Amino acid sequence: MEWIHDLLFEHSAIQAIVVLSLVTAAGLWLGKINLMGIALGVTFVFFIGILAGHLGVSLDPSMLNYAESFGLVLFVYALGLQVGPGFFSSFLHGGIPLNLLSLGVIFIGTSMTVAMSYSLSIPLPDMVGVLCGATTNTPALGAAQQALKQLGEPSSSADLGAAVTNPLGVVGVILAILFLRKCFVRPADLAEKEAETLNHPYIAAFQVHNPGIFHKTVKELARHSHTKFVISRLWREGKVTIPCGQTELLENDRILVVTTEKDMPTLTLLFGEQENRDWNKEDIDWNSIDRNLVSQHIVVTKPEINGKRLGSLHLRNIYDINISRVLRSGVQILATPELVLQLGDRLTVVARNPPSGVYPAFWAIRSTRSESPIWPPSSSASF
């Protein structure tokens, strides 16, 4: 058992990797625990880190400094990739008042931090950590630590203050929102918000039995229908294909449609019959449904694609692929031609699965401004 003690407590690069991995894994696992509809998520990692420090686990100072800096870089990059593309568009819609309110919160919090530090005789580094943790602002914590180091002040205590108050800041915001909603939001408004959840993408299968759409193309149906939908797959005579705008629908065709739940009755009348199978379960293996098509995920990372409308790329007609859903900041969006793509969007793509040796080792779909391939057929690709 001596090797376990050395692995966890003797300072080395391996020890730092093992300890950080265990703390992160335990925090993420415990963060999934849901209590009365509230789960702390990644915030639980702070608590596990505090517990590890209480048990006497420490890291080599140089490794700890490297982990802090590298982790902060990854955090800021991931956060910027997720919310950065929508910053300017949201800035035009109420962005100035919201930013002024944010500056007001920062000013009030900073003033309270300085006042409490002097009035309660609490060291300023500790109070700086409390401020950063209470506002759940990790970049501010990194900047504050760097400033403290340049001033010759100890910065390690700021970590502990942030670790203690960060979870409380998350829970406090949740409780405050629940309280304000209970006091100031009308039940009618809540019912309207719940109804909006029906706009999330919903997957359903239909069989074409409506004589009025026999031999009509998908483009004609979309033009004359007030309902937005995307036909992801088409089964005909035992063969599966990716329909394009010029594909004609025939009697008894089976189609997989991505739409919104509120539009399901309209589409049932349009196509004729809805199948009973639930296609919205998370455990569905789309690639096992048929062997001629593959379902992949593409992450938009190319600047040339940012800001383009999905329909302007002509992916279905030119490249024989179909975008059925878009995941943006944790929210599923229906992939309509009018949708403007942003960096960080995660696209669900349906494409042909070519036999080995018929096509090159990777497929290349090129943007209008770049000649570099943007879609290799791996399980996760990038625009």
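User: What makes up the lining of the largest pocket, by residue type?

Analyst: The lining divides into 27 nonpolar, 19 polar and three charged residues. Nonpolar here means Ala, Val, Leu, Ile, Met, Phe, Trp, Tyr, Cys and Pro; Asp, Glu, Lys and Arg are charged, and the others, Gly among them, are polar. Bear in mind that this is a predicted model: local features need pLDDT of at least 70 and side-chain atom pairs 80 or more, while totals for chains, interfaces and linings use all residues. Residues are numbered from 1 along each chain as its sequence is written, and side-chain values use heavy atoms, with hydrogens and water left out.

User: Which residues lie nearest the centre of that pocket?

Analyst: Leu20, Phe46, Leu64, Ala67 and Glu68, out of 49 lining residues. The helix α4 (61–83) gives the largest share of the lining, twelve residues. A pocket is an open set of points on a 1 Å grid over the protein atoms alone, where a 1.4 Å probe fits, with protein on both sides within 12 Å along at least five of seven lines; lining residues have an atom within 4 Å of a point.

User: Why is the Phe206 and Phe271 pair called tilted?

Analyst: Rings of Phe, Tyr and Trp (its six-membered ring) pair if their centres lie within 6.5 Å; planes under 30 degrees apart are stacked, over 60 edge-to-face, the rest tilted. The centres of Phe206 and Phe271 are 5.4 Å apart with planes at 40 degrees, so the pair is tilted. Phe206 sits in strand β1 and Phe271 in helix α12, so the pair ties together parts 65 residues apart in sequence.

User: What makes Phe229 and Phe271 edge-to-face?

Analyst: Their planes are 85 degrees apart, and the distance is 5.8 Å centre to centre. Phe229 lies in the loop between α11 and β3 while Phe271 is in helix α12, so this pair ties together parts 42 residues apart in sequence. Ring pairs link Phe206, Phe229 and Phe271 into a cluster.

User: Why does Glu275 count as buried?

Analyst: Buried means under 20% relative accessible area (exposed is over 50%, partly exposed in between; 1.4 Å probe, protein chains only). Glu275 comes in at 19%, so it counts as buried. Its place is in the loop between β7 and α13.

User: How do you know that the charged end of Arg254 sits over the ring of Trp235?

Analyst: The rule wants NZ of Lys or CZ of Arg within 6 Å of the ring centre and within 35 degrees of the ring normal. The charged end of Arg254 is 4.8 Å from the centre of the Trp235 ring, and sits over it.

Notes. Helix = DSSP H or I, 4+ residues; strand = E, 2+ residues; numbered from the N terminus.
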